[in-house]
Structure formats: C-alpha cells, structure tokens
Amino acid sequence: MASALLLAPAALASFILAFGTGVEFVRFTSLRPLLGGMPESGGPDARQGWLAALQDRSILAPLAWDLGLLLLFVGQHSLMATETVKAWMSRYIGVLQRSLYVACTALALQLVMRYWEPIPRGPVLWAARAEPWATWVPLLCFVLHVISWLLIFSILLVFDYAELMGLKQVYYHVLGLGEPLALKSPRALRLFSHLRHPVCVELLTVLWVVPTLGTDRLLLALLLTLYLGLAHGLDQQDLRYLRAQLQRKLHLLSRPQDGEAK
C-alpha cells in the first residue's frame, strides 16, 4: 500500500506532463503554421536564394539553435530507448522506468517548442500566395491535419496507450500482476522492438503538409523525417502480424452486442 501511494502519483504526474505536451505539440506543429506565425513572403529578404541564406548570420544563428534543440530531443529519445539505459533505469527506479522515459521525452519536447526560433527572413521552399490557392490550400492542409491527428489518437489507443505512458506498468505492479510486456505474445514483442513510432505516416503528413514551408519548418520536417525513417525496421512478418491484429480489433468493434443479437 505504501509503494502504491508513492508510485501512482509519480506515474500520474508523468502522464499529465506527457498529455499536456502532446496538446502543445498539436499547437506547435499544426495550429501555429495553419492559423498564424508563418514566414513572411514577399519582402526582399524572403526572396533571397538558399545559397545566399546560408551566408546570412541572422539566418544561420537561429537555424543552428533550432538544430541543437532537435538534436537534444533526438538524442534523449534515442539514448533512453537503448537496452543498456533501460536496464540501468529498471535496476534503480524499477517499475517507473517507462514513466521516467515518458517524462524526459515530454520535457525535451517542451524545450524544443518553447525555445524554438522562427526564421521569418529565411527563404521559403513553397508558399500558397496566389488565389485560389491561398484560400484552398490552407483549408486542405487543415482537413488533412485534423484527419492525421484523429488517426494518431486512434492508433495510440490500439497500441495500448496506458502502457505507452507507463501507467499500466505501475498498475500491474501494485496488483502484483508482473510486467505487462511479459503477458504479450512473442510476435507482439517482436513488432514493438521494430516499431518505435506507430504513427509515422500521420506525423509526416503533419510535418510536410503546410501552406508555406519556411526555413525553420523545413529543418523540423527534414530532421524528424530522417529520425522516423531510421527508427523503423518493419519486415513482412511484422506487417502480417500488425494487419491481423487490426483486423481482429475491427471485428470486435463491429460485432453486435448481446442485446442487439437477440
């Protein structure tokens, strides 16, 4: 009982931090570029070429700062996911290992979002400025972002959101049920070891589908795309298992209830 009073608040605090960070990440990646805060395009500075921009210290300085923030996040997210670090954390903090990983990831992402330096004077890769594109492209981007985030939240629920956030590990520990992963099949464990980011396509849509792609947004999209690509190692066996699990869950959801069956 005493351990539950200590473990449960820590896991819950980590979950709340992660949830709030997720909401902020939606604002950072979708609401800000779609509803405001886009690079100005049309002035002489915005029309400068990419080669000239790489010689402009007013562009290089914030670009290097943003790159450092992204590398900090990628480094934390990758280092703490290695088996060596996970084993070390499990040894010293036990069942809170996943919660600590989630909390550190949320804090690293908060640093990226809070200290990100926009580059309004940088060159723009593309921009929907002329009508009717200036009206319809932002609307299309908004619809695709909404669909992508709905898919992301749905997929996270399918992949056991409580376990991803570290809550299930603490719950099972308090009840004496052991480690949740120990109850999963070998094929599921194999899939999880290869698939660190189950929402890759949807996140790429959010990163790239914007009305105006400025310098700092291009850096964000390029680096996270590279990271997401390197984090995946799915093969045909993983895809077959994933397809079978999704079909099983859809069948359970579409199955009529007992009352309706009667």
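Three stretches carry the UniProt annotation "transmembrane region", from an unreviewed entry: residues 59-79, 100-116 and 136-159. The model examined here is predicted. Residues 59-79 are 100% helix and 0% strand. The end C-alpha atoms of this stretch lie 30 Å apart. Residues 100-116 are 88% helix, again with 0% strand. Here the end C-alpha atoms are 24 Å apart.

Helix packing was examined next. Two packed helices are described by the angle between their axes and the distance between the axes. Helix H3 spans residues 57-79, and helix H11 spans residues 215-230. Their axes come within 10 Å and cross at roughly 20°. Angles under 35 degrees count as roughly parallel, so H3 and H11 are roughly parallel to each other. The crossing of H3 and H11 is right-handed.

The H3 side of the contact consists of Leu63, Asp66, Leu67, Leu70, Leu71, Phe73, Val74, His77 and Ser78. These residues meet Thr215, Asp216, Leu219, Leu220, Leu223, Leu224 and Tyr227 in H11. By class, the contact of H3 with H11 has eleven nonpolar, three polar and two charged residues.

Serine 14 lies in helix H1, which covers residues 2-35. Its relative accessibility is 5%. Buried means under 20%, so serine 14 counts as buried. With neighbours within four places in sequence set aside, serine 14 is in contact with Ser99, Val102 and Ala103.

Notes
Residues numbered from 1 in each chain as written. Predicted model: local features only at pLDDT ≥ 70, side-chain atom pairs only at ≥ 80, totals over all residues. Heavy atoms only, no water. UniProt positions renumbered as here; feature names shortened; annotations may be inferred. Helix = DSSP H or I, 4+ residues; strand = E, 2+ residues; numbered from the N terminus. Axes fitted to C-alpha atoms, helices over the stretch in contact; angles between N-to-C directions. Parallel < 35°, antiparallel > 145°, perpendicular 65-115°, else oblique. Left-handed = near helix turned anticlockwise from the far one by under 90°. Contact = heavy atoms within 4.5 Å. Nonpolar A, V, L, I, M, F, W, Y, C, P; charged D, E, K, R; others polar. Buried < 20%, exposed > 50% of the residue type's maximum accessible area, 1.4 Å probe, protein only.
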